[in-house]
Amino acid sequence: MTSSAAAAPRRVVAAAMLAAFVVALTVGLLGIDVRATIGGRAAVDEPQYLLTALSLAEDGDLDISDELYDRRWRAFHDANLPVQTEPKADGSQISPHDPLLPILIAAPMGLWGFEAAKATVCVLAGLAAALTVWIAVRRLGVRPSLATAVVSVAFASPPLAIYAQQVYPEMPAALAALVAVAALTGSWSRRAQVAFVLAVVALPWLSVKYSAVAAMLALVGLWRLWRDRGRLAAAVLVGVFAAMGAIYLVVHKIVWGGWTVYASGDFFQGPGEFAVVGTDPNYLARSQRLTGLLIDQHWGIAAWQPAWLLVIPAVAALIAVRPRHWTALVVPATAGWLVATFVALTMSGFWSPGRQIVVILPLLVLVIAWWLSTSPPAVLVGAAALAFVGLFAMAAFLADGWDRRITWVFAFDKVDNPLYDGWKVFLPPYQEGSGAEVWVRHGIWLAGIGAVAAAAWWAARLRVTAAEEPSANVAGRETDARDGIGAGRPG
């Protein structure tokens, strides 16, 4: 960490945050006109969130039966909606999705329609980008200019730029995770503790799939509170989280009829709500997602923005150096990645790539920014070259999307992008089978990832050792002088 960067003037940091906010907001707004599917500008789960928001705005409840009956989705979806809800005995229908996102977009949805709801998500993306810059500068000591560049590239590239406007809980969850990290890495004031609790509690109310990330953030916060404020303060926080968890379960049991929102889903009436993770999950097969989420030919985030590969040396260096606040980034990020690997039903589906890990990607952006701040200029040049490929990919998505040649959900991999066409041949096509070609590429990539991680870890340890040696030598000379060694005393 560099103290000069952490002490940057407020106006400089504010300008950096504003720049990142504008980039994320603008790219998100540009994506609104790209159709989600051929059949609608909002599709798959998006209509469920939008209809629930409309019900909250007009009726003050979560029952979307009247909205479904009146076909209110026709404003943003051309075809008939797939059935998701199971009608209750009284005829009401509660969407099998947690309610915090509809609550956030209810007012704009009710006043101005689905475009305003999408624009609200764009604003949340802008706030997430701005907060990422602030944490990078104030907590990790990254130069404001570098923090702005790294964060702006990340939020102008897939997948963050795509989910900056889609009506899913991914971007609000990313913002909540950032708020929690900003709070627990600060002075731990009363205000910070309240913000931390609200952010952690918000995650499962956005979606139950974020519970593991919320739990890991809570554990890191509890550990810090115990260390800084003592056992009693930590016990109080445990009690608060226990009470919030109990309320969550009781409300879901009453409203949705089960422990999760999936209890009200049409699909889950037979196999049960926990079938959302699979009825007979093959965890060994799912383990390929550990790398697939990053490097799969179509669904890996590095396929569309190769700069995400920098997370490999960045995380390795972070673990080697273990700077202040490193656990607040690595622990929840690891939880989110493991949930996407082993808990999520599938890595690919009716969505754009990277959806399951958007919640923790800004945390990884912070790790990359920290690592680049300690890297030589040649590494920065290489990072800029990789970043350009991802920015070009987003521009190609928007251009083809505006021309109605692709959608966010279907045929996105048919985008007219020669850089992607050339790059993807080196990536493993995990979703296309298990032939020798897949596993040869998988093995090569595993070896490369291991080598890069080991080299980055070793280089970081060498820097730490080099930085510690002068201090040790000075301390040794001072001790020698006090003991008369080397101070001119006769032997």
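This is a predicted model: local features need pLDDT of at least 70, side-chain atom pairs count only at pLDDT 80 or more; totals for chains, interfaces and linings use all residues.
**Stop 1: the largest pocket**

Rolling a probe the size of a water molecule over the atoms shows where empty space is left. The largest pocket has a volume of about 1300 Å³. To find its centre, select Asp45, Tyr262, Phe268, Val276 and Trp351, which come closest to that point among the 46 lining residues. Next, colour α10 (211-229) and α16 (326-343), the elements that each give two or more residues to this lining. Of these, α16 gives the most, with five residues. Sorted by type, the lining has 28 nonpolar, 13 polar and five charged residues.

**Stop 2: the second largest pocket**

Keep α16 coloured. The second largest pocket has a volume of about 460 Å³. Select Leu290, Val311, Val315, Thr334 and Trp337: of the 17 residues in the lining, these are the closest to the centre. Two or more lining residues come from each of α13 (289-295), α15 (311-321), α16 and α20 (436-483). Here too α16 gives the most, with five residues. Which kinds of residue make up the lining of the second largest pocket? It has 15 nonpolar residues, two polar ones and no charged ones.

**Stop 3: helix α15**

The buried residues of α15 are Val311, Ile312, Pro313, Ala314, Ala316, Ala317, Leu318 and Ala320. Step past the end of the helix to Arg322, which follows α15 and has a positive phi, near 50°.

**Stop 4**

Switch to a surface view and select Leu232, Val236, Val240, Met244 and Ile247. Together they make a nonpolar surface patch of about 430 Å². An α-helix has 3.6 residues a turn, so residues three or four places apart point the same way. Val240, one of the patch residues, belongs to helix α11 (residues 231-255). Val240 counts as partly exposed because its relative accessibility is 31%, between the limits of 20% and 50%.

**Stop 5: salt bridges**

Side chains of opposite charge can pair when their charged atoms come close. The model has 13 salt bridges. Select Arg35 and Asp78 to see one of them, with N and O 2.6 Å apart. This pair links distant parts of the chain, 43 residues apart: Arg35 is in the loop between α2 (10-31) and α3 (46-58), and Asp78 is in the loop between α4 (65-69) and α5 (100-112).

Move on to Arg227 and Asp228, whose side chains meet in a salt bridge with an N to O distance of 3.0 Å. Asp228 has a relative accessible area of 36% and is partly exposed. Then select Asp403 and Arg405, where the closest N and O atoms of the salt bridge are 3.3 Å apart. Both of these residues are exposed.

**Stop 6**

Gln84 is buried, because its relative accessibility of 17% is under the 20% limit.

**Stop 7**

Most residues other than glycine have a negative phi, and most peptide bonds are trans. The last selections are exceptions.

- Pro158 and Pro159 are joined by a cis peptide bond, with omega about 0°. Pro159 is in the loop between α7 (144-155) and α8 (170-184).
- Val44 has a positive phi of about 60°. It lies in the loop between α2 and α3 and is partly exposed, with a relative accessible area of 23%.
- Ala411 has a positive phi as well, near 65°. Its place is the loop between α18 (377-402) and α19 (418-423), where Ala411 is partly exposed, with a relative accessible area of 35%.

Methods: Residues are numbered from 1 along each chain as its sequence is written. Side-chain values use heavy atoms; hydrogens and water are left out. On a 1 Å grid over the protein atoms alone, a cavity is a set of points where a 1.4 Å probe fits but cannot get out, and a pocket is an open set with protein on both sides within 12 Å along at least five of seven lines; lining residues have an atom within 4 Å of a point. Grid points are joined across faces, edges and corners, and a volume is the space filled by probe spheres set on the points. Helices (H or I, at least four residues) and strands (E, at least two) are DSSP runs, numbered from the N terminus. Ala, Val, Leu, Ile, Met, Phe, Trp, Tyr, Cys and Pro count as nonpolar, Asp, Glu, Lys and Arg as charged, and the others, Gly among them, as polar. Patches are made of residues with over 30% relative accessible area and no salt bridge: like charges are joined within 9 Å, nonpolar side chains (Val, Leu, Ile, Met, Phe, Trp, Tyr) within 5 Å. Accessible areas come from the Shrake-Rupley method with a 1.4 Å probe; for residues, only the protein chains shown count as cover. A salt bridge is a side-chain nitrogen of Lys or Arg within 4 Å of a carboxyl oxygen of Asp or Glu. Buried means under 20% relative accessible area, exposed over 50%, partly exposed in between (1.4 Å probe, protein chains only).
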